[in-house]
Amino acid sequence: MKKTATAMLTLVAGIVAASCQKEAEPDIMSFEPMTINAVSEGIGTATKTEMAYKYDILWSEDDQIYVTDGTSNDTFTLSAGEGTTKGTFTQDGTVSFTNEVQAYYPATMVQDGGLVWPATQTNNQTVPMYSTKTVSGNVEDFNFSSLGSVLQIVFTTPQSDVKLQSIEIQDGTETMSGSFAIDEDGKAIITATDKAGITLDLGEGVAVGLAAKYFNIAVPAGNYQNLTLTFTATNGAKCVIKNGNVNIDQNTVGRLTLTGKVFKPVGALAGVFSVSDTRKVYFSKGNLQATYTGSAYTWGFAADQYSYVGKAAGNTTIDEQSIGAVVDLFGWSTASTNYGISTSTDYGDYSGEFKDWGTAIDNKGTWRTLTTTEWQYLFNSRMVNGGTGAGKSYTLNIVYGGKSGLVLYPDDYDKNPIFGTVTEIPEGVVFLPAAGYRSGDHVFLVGESGFFLESNNYWSSSANDEYSAFDIVFDPAAIDTDWIDYRELGSCVRLVADVK
């Protein structure tokens, strides 16, 4: 049964100022502020994101009410009753009101004379309330009713180190914020047409931890379909959840419980890929790149999946005299080779302990290089769409963004396989471009379609011996996941992040 609730507020507002004449100054009028005694009931509806027992509306410091009679308006600020259901609000200005007035809480929802449902809310956001009555004195009692409802999001995650910065919610069928009107039942009806969503700003952030966290967002009542929720952590990592549905009656709580969701690192694609029976990873959005600044290299990913330096054979690919020069074909990564940025063609110069390219990005253990065993599992052992290997977990000889290469399908891929030349690929699918290989300062077989297994190389983190290591190589017809190359060879690097 729908539970209706009315918040009874006692407003202490500045009503019409009484005029007094002083004997010495008969033309001066004195003003006595109006007072609103605001009493809120325990309504069984969550109205603030920080809720009290039984979801009572508790007045907070600096709460304000906006009052207007259609001609004049003023604000009233809480002066007593903080933390309780009974508050006293004192008029801030010197406006006098006559006849019927409308009162709105919080005052911030009234902007430039219009009503606006807040698109940005904070931890103590309150469901907008409304009241109307005829005033006749300096102390008035108002009965306020909720104009909307609460969408309560229950979020759980196994990541103890996640701290949420914000939650953004978009609805595929209805506008959730913007200008609105009040119908005859005291219900907010959105009149905006731009399908605006709502963002809950969590300030300095809220630690998620291992236990469920409850977040409450004030929304107009409605049947919301195809909700997309974007959770952003303080480090920029995001978790996007789609296809949420909830029907929220007027003055009630609609709950969405989201369990087992995790955050993918900044720069990670959406797809999840098994690299062993127990381990899953995200791929970076593009191949690893290092850009020379004049004194050092800055590290990052290519802007998209198909981009690479791609200089013609015989042209220099490492030029430390050129600021802005980009390197994306790396020799074996050791401390002495600066992650493989070396033009030496002596494989003995690359001996030493492997230094994972992932530490060049953030040195926090977020990113890493796949082992040769993981590359093999990824291509050959995963069960994707009812099968393994070529045509199931991957497809060769694809042209995307004008570049040739191969595609890897995520574990849950359920669409048609990709063939030939494409202008876009489905979300989560990985494209590995055929970027050739480097020897010294020269690159070879960039994007070539000839039958050279060594034409397109991606390093693993697994050493073979002091002078060689494992990588994968592919051409349009075949892939070898057990290839061995001398460490001086410049190959591509595509990093992954573990799904935690």
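On a 1 Å grid over the protein atoms alone, a pocket is an open set of points where a 1.4 Å probe fits, with protein on both sides within 12 Å along at least five of seven lines; lining residues have an atom within 4 Å of a point. This is a predicted model: local features need pLDDT of at least 70, side-chain atom pairs count only at pLDDT 80 or more, and totals for chains, interfaces and linings use all residues. Residues are numbered from 1 along each chain as its sequence is written, and side-chain values use heavy atoms, with hydrogens and water left out.

Start with the largest pocket. Its lining has 35 residues, and K264, A270, G271, E427 and G428 lie nearest the centre. Two elements, β20 (238-248) and β23 (280-283), each give two or more residues to this lining. Strands here are DSSP runs of E, at least two residues long, numbered from the N terminus. The largest share, five residues, comes from β20. The volume is about 900 Å³, taken as the space filled by probe spheres set on the points, which are joined across faces, edges and corners. By class, the lining has 17 nonpolar, five polar and 13 charged residues. Ala, Val, Leu, Ile, Met, Phe, Trp, Tyr, Cys and Pro count as nonpolar, Asp, Glu, Lys and Arg as charged, and the others, Gly among them, as polar.

Now the second largest pocket. Its volume is about 590 Å³. It is lined by 24 residues, and N235, A237, P265, D362 and T366 are the closest to its centre. Its lining divides into ten nonpolar, six polar and eight charged residues.

Next comes a sheet. Four strands form it, open and antiparallel, in the order β8-β9-β15-β16. Strands pair if DSSP finds at least two bridges between them. β8 (110-111) and β16 (188-190) are the edge strands, each pairing on one side only. Two bridges join β8 to β9 (residues 114-117). In one of them, Q111 has G114 of β9 as its partner.

Turn to Y467. It sits in the loop between β33 (457-463) and β34 (468-474). Y467 is partly exposed, because its relative accessible area is 34%; buried means under 20%, exposed over 50%, and partly exposed in between (1.4 Å probe, protein chains only). Leaving out residues up to four places away in sequence, Y467 touches Y347, G348, S351, D485, Y486 and R487, where contact means heavy atoms within 4.5 Å. S351 is 116 residues from Y467 in sequence, yet their C-alpha atoms are 5.7 Å apart.

Last, the cysteines. C239 is buried, because its relative accessibility is 4%. C492 is buried too, because its value is 0%. The whole structure has zero disulfides, a disulfide being a pair of cysteine sulfur atoms within 2.5 Å.
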